[in-house]
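Hi there,

As promised, here is the structure I have been going through. Have a look at it first, and my notes follow just below.

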Amino acid sequence: MNLLEIFTDIKNAFGGLWQTKQRGNTLEIITPYATTNNRFVSVFLTKQGSDYVISDGGWLNSGVYEVAIGKETCFLKILYHFQNSFEIKQIVNAEGITYYYLKTANAIDIPSKLFDLTLFIQNIVSVSEIAFEDKEEKDTKERFVSIANEYLKSFTDKEKLKLNQFLIPEKKDIKFNAIYNNTPSTLSLVNYVTGSSNFYFSNSISKANMLFQMADDSSAKTFIKSKVSIIDTSADGYVPDKLASYLYHLEHRTGSLLVNWSEKEKLQSILN
Amino acid sequence: MGQKRFPQIKENYSFYNNLLSERKFIFTEVIEINNKANNHSFVESVDKVNHPVVNDDSMVLCVEVKINNHAYFQFKLRYKSFVPAPFFRFDSDGETHRNKVEGLGLQDQAITTPHFHKFNENGIEIAYKTDKLLDPKESKALEDINLCIIHFFHESNTRLKEDDFPEIKIQSDTLGFKMTKEDPNQNIDFL
């Protein structure tokens, strides 16, 4: 086999990977581009009015490629880089799933748009496989969320406690570790504050600060009875001397009650 | 980063094969799928599975169904004390898997759904289609979750009690409309 024949083989093998599936009025196009977790990228072509739309079908955001779209700054920088470079648009459907797409009125541009969307999906799925977050930090956070959740569940009324909950479910922007309905019309907002190092711990305080301030600016303000920060005094990042001014700010600027994990029993009177 | 390998499967491949080949049992006659899964687009059920050589209680059968498309479902056999990923699974719909294996032509590496997943002797997850799934008529019939679970049970050597198969009820706690949104771009105004 000469090299040119091999090239013909390559072209045929590569070209032979294209497949389609008809899905109602939309055509799923399975492309020859695969991700690092061995998934071939699919894109979805539809005619809408006089435009052709090529979308990811909501697959990136709904976990079909078996990766979670990260929230870490490093990851978001990469996401925005690819999104800007390929000029990918996004829209959220009625179920809250983000769709990434490109559209054109010109049939001649479809292959080029499809190529860009495919490369975008391929890159984002592959990059999502990388663990950006510090493992020690991730473990610290997960451990504290788990023990604090269990503790709250142990003494509160199940019906009144909502874990990892949006303040205004329809808006889906401000989320708290726990929201407790003291009465049908009053809420206690609970933030867990922890970190595996001083850096992460002070970031966690800043996040609590911001979330409580945002809650105060929201339409739910009048229902908020108390704002509680549970401080993980057992975390490696808990160094009271270094955190004192951050904690002072949290307490005095947002009116948050600070409850040290070492005195967690106090939560029982606050939340009932 | 290369592809994901599970060394515990490579090192204990005969044990892994035994997990698949030995007759397994479930005792839930009607599998009701009502609970929200970790992936919020799905509802799921989790039922205990008995395996002759597994002594702990951690082997389970998970059935997951997409809320807005009941023809999109997954069956997973999990044994987390051995391997975190499902050790055997079926996907009725979703992405095309790549079997990245040397000696296999590039074109033959793409396995569209519906397909099964298992692990090869190197602990790498591979997808495959059974003869039934390759036959367009039979594959069409297997879009019915209650027929497909029987195929899955045959393929994984699982039974309900002696030699029976379970029935699946999706969102039995609702009015029970059958959701079939197969077109992902439907009802979205792409601005």
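In strand 11 of chain A, Leu258(A) is the bridge partner of Ser229(A). That pair belongs to a parallel pairing between strand 10 (residues 224-231) and strand 11 of chain A, which runs over 4 bridges. Please keep in mind throughout that this is a predicted model.

Both strands sit in an open sheet of 5 strands in chain A, ordered 7-8-9-10-11, with mixed pairing. Its edges are strand 7 (161-166) and strand 11 (257-260) of chain A, each pairing on one side only. On average, neighbouring strands of this sheet are turned by 30 degrees against each other, direction ignored. You will also see helix 5 (residues 198-216) of chain A lying across strand 8 (175-183), strand 9 (186-193) and strand 10 of chain A. This helix runs at about 160 degrees to strand 9 of chain A.

As for the domains, chain A is divided into domain 1 (16-127) and domain 2 (135-270). The centres of these two domains of chain A, taken over C-alpha atoms, are separated by 36 Å.

Now to where the chains meet. The contact takes 37 residues from chain A and 25 residues from chain B. On the chain B side, 7 of the residues are nonpolar, 12 polar and 6 charged. Strand 8 (residues 96-98) of chain B gives the largest share of that side, with 3 residues. Strand 8 of chain B also pairs with strand 3 (residues 39-48) of chain A, in the antiparallel sense and over 2 bridges. Within this pairing, Phe40(A) stands opposite Thr96(B).

- The peptide bond from Thr113(B) to Pro114(B) is cis, with omega near 0 degrees. Pro114(B) lies in the loop between strand 9 (110-111) and strand 10 (115-119) of chain B.
- Glu66(A) is not a glycine, yet has a positive phi of about 60 degrees. Its place is the loop between strand 4 (51-55) and helix 2 (73-85) of chain A. Glu66(A) has 16 other C-beta atoms within 10 Å, so it is partly exposed.
- Asn157(B), not a glycine either, has a positive phi of about 55 degrees. Asn157(B) lies in the loop between helix 5 (145-156) and strand 12 (158-160) of chain B. Asn157(B) counts as partly exposed because it has 14 C-beta neighbours inside 10 Å.

Happy to go through any of this with you.

Best wishes

Technical notes
Residues are numbered from 1 along each chain as its sequence is written. Chains are lettered from A and ligands numbered from 1 in the order in which they are written. This is a predicted model: local features need pLDDT of at least 70, side-chain atom pairs count only at pLDDT 80 or more; totals for chains, interfaces and linings use all residues. Two strands pair if DSSP finds at least two bridges between them. Axes are lines fitted to C-alpha atoms, for helices over the stretch in contact, and angles run from 0 to 180 degrees between N-to-C directions. Two residues are in contact if their C-beta atoms, placed from the backbone, lie within 7 Å. Domain bounds come from an automatic or database domain assignment. Ala, Val, Leu, Ile, Met, Phe, Trp, Tyr, Cys and Pro count as nonpolar, Asp, Glu, Lys and Arg as charged, and the others, Gly among them, as polar. A residue is buried if 20 or more other C-beta atoms lie within 10 Å of its own, exposed if 12 or fewer, and partly exposed in between; C-beta atoms are placed from the backbone.
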